Amino acid sequence: MQAIRQVEGRAIPLGLKNVDTDVIIPAPWLKTISREGLGKGAFETLRAEAGNLFDQPEYAGAPILIAGDNFGCGSSREHAAWALLDLGITCVIAPSFSDIFSGNAFKNGILTVVLPQEQIDRLLEVATTDPIHVDLETQTVTTPFQDRFAFEIDPFRKHCLLEGLDEVGLTLARDAAIGQFEARASAERPFLAHPEAA
Amino acid sequence: MADKPRTLYDKIWDAHVVERRDDGTCLIYIDRHLVHEVTSPQAFEALRVSGRKVRRPDLTLAVPDHNLPTTARRDAAGQPIPIADPESAQQLAALTRNAPEFGIRLIGDADPEQGIVHVVGPEQGFSLPGATIVCGDSHTACHGGLGALAFGIGTSEVEHVLATQTLLLKQSKTMEVRIEGPLGPGVSAKDLVLHICGVLGASGGTGYVIEYTGQAIRDLSVEGRLTISNMAIEHGARAGLIAPDETTFAYLQGRPYAPKGAAWEQAVAWWRSLATEPGATYDKVVVIDAAEIAPTVTWGTSPEDTVAITGTVPAPESFADPSKQEAARKSLAYMGLEPGQKLAEVEVQNVFIGSCTNSRIEDLRAAAAVLKGRRKAANVRWAIVVPGSGLVKRQAEAEGLDRIFTEAGLEWREPGCSACLGMNPDKVPAGERCASTSNRNFVGRQGPGARTHLVSPAMAAAAAVTGRLTDVRELG
């Protein structure tokens, strides 16, 4: 996973509420067995509309996306995170995210920033003309107009994002503890520990 | 701490903590891992690249479901019919290759037990109460209907579970959704859960695990409970839970992977001990009167856009939230509906009975009861019934349900996810409407431009008969 410290640049002022994972990446794009190249299918329906934000030159390569409530709701498809990354988006700012999407984003080094709606509204306004700066270390979003919004983030997630840590590797190092749990659980609940077909 | 009354969720959580960190993050042990072909290839590839193996292949079950065509899979000579879409074929082939390579059980497309992973898990007794169950699929919430803590995960987490049999998680908040009183005649589990989606909103359950309680829930069969918990994710909750009881035990006993003999007795004793204790508190409680619930349909492009079939399409201005007004305007434009239009006058050209929400035997019985002796309307161009598994299909055929469907003019198909999301050839054409027993009415979900109205199996059958959204209670 790529370490992430700061994200600076133009932000796509999408603003929509309940942007679901079928909107982020429609099902026909899920047939890949790779993580690459999904940017082509990202927001396909929205991009089919003339004059859509994604095709406006000022937002080309924008690293930030600003959305409404419940971004990433719907399916567990990690393809949604891979599609955003492929578009070059490494930070999404919204009033709330679906639980599964925010986990998927985190595991791919995408920073999800939760801010209240009135601050989102201000950022949506700034984003139409100017860049936005997101700093993970200080947990702030700033604009060229002295706006400064603080955000919360889980300390463990922050640490992993700053260091680009691989969670599987971290957990594999806890092998002994997992083995002890298995031995205990197998003794207490043998009926769960070993599914055998009749 | 030990004396504080605990909820069902607290008890399952506590029983699965491998390690607890200072910040509250826990390493949680996973008892059952279901794998399908869409969200697993990149996880297996990552294991291969890093030289990692699957820690507990015996706790993992792989079943292909999303890409499989629901038309015949064997020709007259019994030979497999190749899958036309090369990408679908490639994804299915990857699962068929990866499962044996990593020592994982595979119920393949030619096996009689094959079906939608969320139908197969409970049906095989692989999914059990009190277990932690994950799958790279958000509708894993379904298994909570058995009293399992079950939730969807992304592909990185699939890899994490394959390699370590654990996940790093923070404990969720708890919500009780209590449905008081019995459901009325003609009102099913699907109507109830659509109603809940409307009450809570698409993000109302975000950050929570919801326990569904009350008489209307207790009265449901396991099939109905799976339907409820299946759609927990559609109101934002990663997992739903329904306390296991005699109905649950009767459903599971004797299933292939369910415990046997003394182990069964021990399991039942533990399952009984899991119920939320008197005095335990939830972070939030929502109470719904079952008498208020009518057969329910969706009008928009979010599962929260629900309305009784007796109602009308709402005006965007009727919503207080400006962003919801905007969303409603977009939804109505996409759906081709006008505010004030009666739902029962909306014509449909397609009917889909299937998906992990509503493809179990009871769902097919409910649809068949409406269709028996009737014919689909002339304006209904395409109507398919897709059983949730090969075993459901066989059971339905033994009961003669397949003949009721085909005599009514509906097509009887092979099991799979099908037109719920159209990764296989089953799609709804742009601009056409579908009365669908699936779980999502998102833009483009059933095909680009497709207009989805979520309904119960009985309501889908009624729509097939009249050619429009219809209050099934009027058909008698």
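Chain B is divided into domain 1 (10–169), domain 2 (173–244 + 270–292) and domain 3 (297–474). These bounds come from an automatic or database domain assignment. The model is predicted: local features need pLDDT of at least 70, side-chain atom pairs count only at pLDDT 80 or more, and totals for chains, interfaces and linings use all residues. Residues are numbered from 1 along each chain as its sequence is written, while chains are lettered from A and ligands numbered from 1 in the order in which they are written.

The C-alpha centres of domain 1 and domain 3 of chain B lie 27 Å apart. Across this boundary, 21 residues of domain 1 of chain B are in contact with 20 residues of domain 3 of chain B. Contact here requires C-beta atoms, placed from the backbone, that lie within 7 Å. On the domain 1 side, helix α4 (residues 117–123) of chain B supplies the largest share, 4 residues. By class, the side of domain 1 that touches domain 3 in chain B has 8 nonpolar, 9 polar and 4 charged residues. Ala, Val, Leu, Ile, Met, Phe, Trp, Tyr, Cys and Pro count as nonpolar, Asp, Glu, Lys and Arg as charged, and the others, Gly among them, as polar.

Helices (H or I, at least four residues) and strands (E, at least two) are DSSP runs, numbered from the N terminus. Helix α15 (residues 457–466) of chain B is mostly covered, with 10 of its 10 residues buried. A residue is buried if 20 or more other C-beta atoms lie within 10 Å of its own, exposed if 12 or fewer, and partly exposed in between; C-beta atoms are placed from the backbone. The buried residues of α15(B) include Pro457(B), Ala458(B) and Met459(B). Their cover includes β13 (296–298), β15 (350–353), α12 (361–371), β16 (382–385) and β18 (433–436) of chain B. Just after α15(B), Gly467(B) takes a positive phi of about 80°.

Helix α12(B) is also mostly covered: 8 of its 11 residues are buried. Among them are Ile361(B), Asp363(B) and Leu364(B). The buried residues of α12(B) pack against α8 (222–230), β15, β16, α13 (390–398), α14 (401–407) and α15 of chain B. Gly373(B) follows α12(B), with a positive phi near 75°.

Ala366(B) lies in helix α12 of chain B. Ala366(B) is buried because 26 other C-beta atoms lie within 10 Å. Not counting residues up to four places away in sequence, Ala366(B) touches Ser188(B), Pro457(B) and Ala458(B). The C-alpha atoms of Ala366(B) and Ala458(B) are separated by 5.4 Å, although these residues stand 92 residues apart along the chain.

Strand β6 (residues 132–135) of chain B is covered on both faces. Thr132(B) and Val134(B) are buried on one side, Ile133(B) and Cys135(B) on the other. Strand β3 (residues 32–35) of chain B runs parallel to β6(B), joined by 3 bridges. Two strands pair if DSSP finds at least two bridges between them. His33(B) has Val134(B) as its bridge partner in β6(B). Strand β7 (residues 149–152) of chain B pairs with β6(B) in the parallel sense over 4 bridges. There, Val134(B) stands opposite Phe151(B).

In chain A, 4 strands form an open sheet in the order β1-β6-β7-β8, with antiparallel pairing. Its edge strands are β1 (6–9) and β8 (148–150) of chain A, each pairing on one side only. β1(A) and strand β6 (residues 132–135) of chain A pair in the antiparallel sense over 4 bridges. Val7(A) has Val134(A) as its bridge partner in β6(A).

Key:
Contact = placed C-beta atoms within 7 Å.
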